Amino acid sequence: MAAVTLNHIVKRYGDHAVIHGIDLEIRDGEFIVFVGPSGCGKSTLLRMIAGLEDISGGELHIAGKLANDIAPAERGLAMVFQSYALYPHMTVYENMAFALSLAGHKKAEVRAAVERAADILQITPLLQRKPKDLSGGQRQRVAIGRAIVRKPQLFLFDEPLSNLDASLRVQMRMELSRLHQALQTTMIYVTHDQVEAMTLGQRIVVFNGGRIEQVGTPHALYNHPATLFVAGFLGAPKMNLLACVAIATDAATVTVRLPGGAVLAVAADGGAVTAGDSLSLGVRAEHIATAGSTGSSGANLVEATVSHVEYLGDMAIVHASVPGVTQTLSIRQAVEGGLAQAGQALRLHFPAHHCLLFDAQGKALPRTPGAPPAPFM
């Protein structure tokens with residue numbers, strides 16, 4: 001196993017910088033996920049760790065050793081790509097054994113390593129098959145097995161599930177989690193799929209434009225996003241984000257007005273906010289509740305009209321429009337007791353302690369006491 005330390009890592013292509021001074025500590029034995037949209041730099045950074053891309057600036061340490069100039073083959077790592085890259089003329093056993101045989105290991109050692117990896121991945125019955133006789137999920141397990149036999153101190157995964165269908169991706173996510181539990185080896189996993197990031201990572205690193213937006217546990221990033229970008233990127237459906245204006249502030253509460261005139265109180269520290277400041281309000285779909293029919297009274301209520309409903313079996317996502325607000329709200333609704341219907345008028349309650357506020361720079365305002373519990377660390 002190996003800890004990985006990145007000290008102000010920079011990547012440039014000519015005068016164009018694509019990685020802008022990344023600082024990150026990856027713990028020994030940790031499963032960490034790099035996530036972000038296409039072109040954000042996550043795969044480039046992974047390739048720099050692997051030694052497949054030169055480091056333009058900064059220092060990379062693997063297991064306590066400066067690795068900037070260490071050859072890829074000598075870094076003690078194994079990489080699994082989106083493409084399986086199996087030799088079609090070889091059996092599964094031969095594919096997994098190839099690197100060890102090429103390195104001159106004894107046949108008994110090679111067989112023991114392959115059989116151990118096959119047992120971990122539950123592909124022992126497949127060892128004599130050719131890649132053409134395997135499903136996509138089985139081929140990906142073979143590619144992972146080829147990495148396991150080398151007994152690396154660090155695994156790198158570059159979007160390994162992108163070529164699989166939805167059901168296979170779910171299965172492989174569970175198998176990768178089980179693999180990490182069995183091996184307890186440091187794993188760095190790159191994906192653009194926020195569901196993969198949330199279900200696999202012990203910690204998640206969210207990238208945007210070659211920079212780190214936030215690092216934390218899935219629970220922390222989902223419930224306590226530090227920026228507008230993180231709030232809008234993680235979650236399905238994504239967080240509702242509405243433009244608003246501060247109309248009153250104190251140390252415990254910021255009162256805002258939506259474009260349609262609705263007034264909401266948010267449990268946030270308003271010390272750095274003044275009346276008239278433009279802000280963004282965020283609230284998750286599961287935290288918005290219906291508050292009876294139109295005309296009922298109460299605080300933090302917003303009038304809305306249902307535009308359409310997505311029925312998902314155990315629940316539904318209700319999409320509703322608010323007067324003066326361009327964005328459509330998403331509300332998670334239980335199916336018991338009947339579903340909302342298109343055209344139905346709703347009065348929605350926005351709980352003060354479940355709402356977030358972001359300033360004009362996209363930074364989250366601190367929450368005040370009484371907000372949801374602190375994130376897991």
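Guide: A ground rule before we start: partly exposed means a relative accessible area between the buried limit, under 20%, and the exposed limit, over 50%. Also, this is a predicted model.

Visitor: Fine. Is V263 buried, partly exposed or exposed, and why?

Guide: V263 has a relative accessible area of 37%.

Visitor: Where does V263 lie?

Guide: V263 lies in strand β13, residues 263–266.

Visitor: Which residues form a nonpolar patch with V263?

Guide: V245 and I247. Together with V263 they have about 180 Å² of accessible area on the surface.

Visitor: New topic, backbone. Which peptide bond is cis?

Guide: The one from A236 to P237, with omega near 0°. P237 is in the loop between α8 (228–233) and β11 (240–249). For context, most peptide bonds are trans.

Visitor: How exposed is A63?

Guide: A63 is at 38% relative accessibility, so it counts as partly exposed.

Visitor: What about phi at A85?

Guide: Positive, about 55°, and A85 is not a glycine either. A85 sits in the loop between β6 (77–80) and α2 (92–102).

Visitor: Is A85 buried or exposed, and why?

Guide: Exposed, because A85 has 52% relative accessibility and the cut-off is over 50%.

Methods
Residues numbered from 1 in each chain as written. Predicted model: local features only at pLDDT ≥ 70, side-chain atom pairs only at ≥ 80, totals over all residues. Heavy atoms only, no water. Helix = DSSP H or I, 4+ residues; strand = E, 2+ residues; numbered from the N terminus. Buried < 20%, exposed > 50% of the residue type's maximum accessible area, 1.4 Å probe, protein only. Patch = residues over 30% accessible without salt bridge, like charges linked within 9 Å, V, L, I, M, F, W, Y side chains within 5 Å. Areas by Shrake-Rupley, 256 points an atom, 1.4 Å probe, with all protein chains shown as cover. Salt bridge = Lys/Arg side-chain N within 4 Å of Asp/Glu carboxyl O.
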